[in-house]
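Reader: I am new to this structure. Please take me through the labels used for it, and show what each one rests on.

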Amino acid sequence: MNDIIDVPSIDSEKAQSLKTVGWISYLLHLIVAVAAVIPGAQVGAGLLVVALIIDLVKKSDAEGTWQASHFSWRIRTVLWAGFFYVVTVPLYFLLYLPGAIAWAIISIWFLYRIVKGMVRMNASQSLPT
């Protein structure tokens with residue numbers, strides 16, 4: 001009995017291209033994530049928007065590959081972080097400290113997700129969907 005499974009392969013040039021795009025996106029995310037954790041080092045949301053657009057545009061190119069999970073991971077991370085930041089804005093209107101604590105927790109979570117994704121990508125491993 002032959003246990004070989006016919007899996008469609010992705011050519012190495014396309015795979016390398018997707019990995020390069022993924023690294024660019026992760027680095028943009030990382031810059032924003034590190035700046036969010038360091039007080040006074042905010043670089044603005046512009047880099048994050050650029051990274052999000054890259055991920056949204058290139059996500060379909062990665063369908064059927066292990067890299068598709070990384071595109072989804074980064075998109076979900078940005079959307080959830082954005083949601084949590086918006087939801088916690090009223091805390092600043094009540095008292096500054098609860099808002100600052102909430103944003104610090106969100107920023108650390110964001111940084112954790114980006115670093116986890118980078119580590120998994122470096123090992124050519126997918127992420128949970």
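Author: At 4% relative accessibility, Ser107 counts as buried, but let us start with Arg74, at 0%. One point first: this is a predicted model.

Reader: Why is Arg74 called buried?

Author: Buried means under 20% relative accessible area. Arg74 has 0%, so Arg74 counts as buried.

Reader: What makes the pair Asp55 and Arg74 a salt bridge?

Author: The rule asks for a side-chain nitrogen of Lys or Arg within 4 Å of a carboxyl oxygen of Asp or Glu. Here the N to O distance is 2.9 Å. That is within 4 Å, so the pair is a salt bridge. Asp55 sits in helix H2 (residues 46–58), Arg74 in helix H3 (residues 68–94). They are 19 residues apart, and the pair links distant parts of the chain. Asp55 is also at 0% relative accessibility, so Asp55 counts as buried too.

Reader: How many salt bridges does this rule give?

Author: Two. Asp61 and Lys58 form a salt bridge as well, with the closest N and O atoms 3.0 Å apart.

Reader: Which elements does the protein have?

Author: Four helices and zero strands. From the N terminus on, the elements run α-α-α-α.

Reader: What makes a set of residues a nonpolar core?

Author: The members are buried nonpolar residues joined through side-chain atoms within 4.5 Å. The largest such core has 16 residues. Tyr26, Leu48, Val78, Ala81, Phe110 and Ile114 touch the most other members. H1, H2, H3 and helix H4 (96–122) each supply at least two residues of this core. A second, separate core has five residues, including Leu18, Val21, Ala68 and Phe71. In general, nonpolar side chains in soluble globular proteins tend to be buried together.

Reader: Which residues is Leu48 in contact with, leaving aside its neighbours within four places in sequence?

Author: His29, Val32, Val78 and Phe110.

Reader: Why is Val32 called buried?

Author: Val32 has a relative accessible area of 11%, and the cut-off is under 20%, so Val32 is buried. Val32 is in helix H1. Not counting residues up to four places away in sequence, Val32 touches Val43, Gly44, Leu47 and Leu48. Val32 and Gly46 are 14 residues apart in sequence and 9.1 Å apart in space, C-alpha to C-alpha.

Reader: Are Lys19 and Ser124 buried or partly exposed?

Author: Lys19 has 17%, which is under 20%, so Lys19 is buried. Ser124 has 37%, so Ser124 counts as partly exposed. Ser124 also has a positive phi of about 55° although it is not a glycine.

Reader: Where is Ser107, and what does its side chain reach?

Author: Ser107 is in helix H4. Its side chain reaches the backbone oxygen of Trp103 at 2.8 Å. Not counting residues up to four places away in sequence, Ser107 touches Ala36, Val37 and Tyr85.

Reader: Which residues form the nonpolar patch on the surface?

Author: Val34, Val37, Ile38 and Ile108, with about 310 Å² of accessible area together. Members of a patch need over 30% relative accessible area. Val34 has 35%, so Val34 passes that cut-off, and Val34 counts as partly exposed. Val34 lies in helix H1 (residues 12–37).

Reader: What do the totals say about burial and surface?

Author: Buried residues make up 33% of the 129 residues. The protein exposes about 8100 Å², and carbon and sulfur atoms supply 70% of it.

Key. Residues numbered from 1 in each chain as written. Predicted model: local features only at pLDDT ≥ 70, side-chain atom pairs only at ≥ 80, totals over all residues. Heavy atoms only, no water. Buried < 20%, exposed > 50% of the residue type's maximum accessible area, 1.4 Å probe, protein only. Patch = residues over 30% accessible without salt bridge, like charges linked within 9 Å, V, L, I, M, F, W, Y side chains within 5 Å. Areas by Shrake-Rupley, 256 points an atom, 1.4 Å probe, with all protein chains shown as cover. Contact = heavy atoms within 4.5 Å. Polar contact = N/O pair within 3.5 Å; in protein donor to acceptor, adjacent residues only side chain to side chain.
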